[in-house]
Amino acid sequence: MFRLASCVLVFCALVPAADLTGTWQYDQPGRGGRGGQPGVPIVNTFVFKSDGTKFTGSWITPQQVLDIVNGSIKGADIAFQTSDDHSTTTPRVANYTGALDGDQLTLTAVMGEPVGRGGTPTTITAGATRVASPEQAALDEAIAAARGGRGGNGGGGGRGAPAPMVLKRVSSETAFKAANPHTPFAPFKPIPPNGLAKTPPMGWNSWNKFAGRVDDQAVRGMADAIAASGMRDAGYVYVNIDDTWEKGRVVEGAWAPGRDKDGNILTNEKFPDMKALADYVHAKGLKLGIYSGPGPRTCAGYEASYNHEEQDAKTWAAWGIDYLKYDWCSGNQVYQGAEHASAYRKMALALRGTGRDIIFSLCQYGWLDVGEWGAASGGNLWRTTGDISDNWNSMSRIGFDQQAGREKYAGPGHWNDPDMLEIGNGGMTKTEYQTHMSLWSMLAAPLLAGHDVRTMPDYIAEILLNKEVIAIDQDSAGIQGTRVGRIGPEGYTLEVWKKPLAKGVAVGLFNRSLDTARMSVKWSDVGITAANPKVRDLWAHRDITNAATDYSVNVPSHGVVMLRVE
Ligand code: GLA
């Protein structure tokens with residue numbers, strides 16, 4: 001018995017740590033998504049570098065690059081954490097375990113709430129609340145299923161039973177190698193501003209409401225309603241078609257090409273004549289925007305601009321396009337992380353080459369400190385987070401928690417973009433939509449409405465058409481507002497924000513708690529030095545008297561009091 005035990009111990013000590021080193025792949029089946037987009041298989045690439053019993057690496061999906069940290073190997077068993085350092089200012093950490101069997105690695109997410117770095121509890125709502133692209137939604141579902149949450153893929157998934165991901169080793173490479181070639185970039189050189197977007201762009205975008213159902217008729221209807229409702233005159237001039245206008249896509253499992261014999265990009269049957277549509281929109285005193293990306297496919301799996309950048313820019317200019325949202329998605333299949341800046345710069349130069357004024361909107365979810373290089377790459381705005389969805393948690397987490405520290409990158413011509421508005425889509429209360437509008441304005445964020453303007457109720461029009469709040473967003477100084485103080489438990493805080501204006505300061509008193517709260521602000525704390533300043537409540541549309549040095553007011557749960565003080 002003693003001998004057997006010691007043999008087992010000796011044997012255990014001699015088992016070498018598994019060699020994880022290399023590139024691994026997990027192909028996740030695609031599925032149809034919001035608006036009936038085709039299912040496109042999602043490639044997840046893992047690169048691992050092991051060093052004895054420890055390892056590090058990256059997990060690359062079409063929409064995320066996760067750092068793999070704290071990897072440990074015991075025999076054939078591994079454990080690691082993922083951290084989404086690249087995508088948010090508050091990294092979220094999740095735990096995984098795995099079992100290695102030759103060139104096959106089975107990964108399972110560890111159940112339970114992941115823990116934010118530094119012991120701060122954070123909540124991952126991936127897949128639970130967000131309405132994202134089909135790829136992201138499917139990925140979220142797989143992750144949720146692996147964590148024992150909703151979803152499941154029929155392979156033992158379901159509540160309480162994590163569904164494993166089975167990875168295959170595809171090479172011994174330890175650096176992520178993109179699948180498609182591209183001509184190497186020359187060393188990065190900043191390009192000068194294009195002179196557009198001196199204030200944050202305003203308009204409408206199809207994705208939040210219509211996703212894959214957007215078509216020519218909807219866009220014309222929206223242009224009519226934007227003009228008739230007063231939105232155009234309030235500044236909402238860009239009418240932007242998001243993903244799914246392109247012809248190239250998977251139809252019944254086969255790729256239906258999206259370019260003509262000369263490589264010109266084609267529209268699908270939903271957009272029979274893009275030039276005619278642009279003429280229509282222009283005739284309404286509005287501008288037309290479009291969508292593509294640097295990889296071979298868009299996020300919804302349609303034809304994108306890889307290897308056709310100049311040609312596509314010319315096509316769009318010929319159609320009369322005024323705005324381009326350029327979405328990374330399959331960019332990981334072409335470019336390495338550090339090449340983001342050059343890949344965006346390439347399209348910026350192609351747009352400039354057309355001679356047409358086209359606003360350039362970068363969409364790569366805030367990775368790689370995009371504020372550091374977004375403007376130098378020719379961007380007028382850049383997304384700072386993953387996709388917003390129409391609920392309080394998503395909106396408030398993005399707006400209150402994920403923008404801090406990015407304010408230094410915003411200014412006339414180049415803006416942080418915390419994603420489009422959900423106002424009017426039905427998932428939040430009137431009070432919450434007022435907070436959404438106020439917070440985005442304090443952030444000097446682009447104001448791109450995302451609802452069906454044709455059926456907009458009056459109370460939604462009142463929110464979107466509040467000219468006093470819009471003026472805060474559009475202030476010529478172009479300074480992004482910041483939080484000056486907060487109290488209360490995380491997620492339920494009372495927060496005071498300020499935004500310096502060309503003349504005066506905007507002040508936001510935000511109540512994230514579940515009860516009405518009494519909130520106070522001293523003018524000296526928000527940089528107002530004038531004695532007895534003029535104070536205006538921008539939602540009540542009235543001047544406030546008796547606020548010589550400070551102001552106290554009741555703020556409803558999830559609500560805001562927004563002031564202009566000068
Ligand atoms: C990504 C973007 C969204 C939208 C979709 C379209 O998810 O972040 O804003 O453009 O792609 O597929």
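User: What lies 3.0 Å from an oxygen atom of the ligand?
Analyst: A polar side-chain atom of Asp327. Keep in mind that this is a predicted model.

User: Which N or O side-chain atoms sit 2.8 Å and 3.1 Å from a ligand oxygen?
Analyst: For 2.8 Å, it is an N or O atom in the side chain of Lys325. For 3.1 Å, it is one in the side chain of Arg383.

User: And how much of the ligand does the protein bury?
Analyst: 100%. Taken alone, the ligand exposes 310 Å².

User: Which residues come nearest to the ligand?
Analyst: Asp242, Asp243, Lys325, Asp327 and Asp387, out of 15 residues around the ligand.

User: How does that shell divide into nonpolar, polar and charged?
Analyst: There are 7 nonpolar residues, 2 polar and 6 charged.

User: Switching to Tyr323. Which strand is it in?
Analyst: Tyr323 belongs to strand E14, residues 323-327.

User: Is Tyr323 buried or exposed, and why?
Analyst: Buried, because its relative accessibility is 3% and the cut-off for buried is under 20%.

User: What is Tyr323 in contact with, leaving aside neighbours within four places in sequence?
Analyst: The list includes Pro201, Tyr238, Asn240, Leu288, Gly289 and Ile290. Ile358, Ile359, Ser361, Leu381 and Leu448 are also on it.

User: How far is Tyr323 from Tyr291 in space?
Analyst: 8.3 Å, C-alpha to C-alpha. In sequence, Tyr323 and Tyr291 are 32 residues apart.

User: New topic. How many aromatic pairs are there?
Analyst: The count comes to 23. One of them is Phe46 with Trp59, a stacked pair.

User: Why does the Phe46 and Trp59 pair count as stacked?
Analyst: The ring planes are at 25 degrees, so the pair is stacked; the limit is under 30 degrees. The ring centres are 4.7 Å apart.

User: What about Phe400 and Phe510, how are their rings arranged?
Analyst: Edge-to-face, because the planes are at 80 degrees and the limit is over 60. The centres of the Phe400 and Phe510 rings are 5.2 Å apart.

User: Which elements does that pair link?
Analyst: Helix H10 (residues 392-401) holds Phe400, and strand E21 (residues 505-511) holds Phe510. The two residues are 110 apart in the chain. Phe400 and Phe510 are buried.

User: Last one. Which residues do ring pairs link into a cluster?
Analyst: Trp24, Phe46, Phe48, Phe55, Trp59, Phe80 and Tyr96.

Technical notes. Residues numbered from 1 in each chain as written. Predicted model: local features only at pLDDT ≥ 70, side-chain atom pairs only at ≥ 80, totals over all residues. Heavy atoms only, no water. Near = heavy atom within 4 Å. Polar contact = N/O pair within 3.5 Å; in protein donor to acceptor, adjacent residues only side chain to side chain. Areas by Shrake-Rupley, 256 points an atom, 1.4 Å probe, with all protein chains shown as cover. Nonpolar A, V, L, I, M, F, W, Y, C, P; charged D, E, K, R; others polar. Helix = DSSP H or I, 4+ residues; strand = E, 2+ residues; numbered from the N terminus. Buried < 20%, exposed > 50% of the residue type's maximum accessible area, 1.4 Å probe, protein only. Contact = heavy atoms within 4.5 Å. Phe/Tyr/Trp six-rings, centres within 6.5 Å; stacked < 30°, edge-to-face > 60°.
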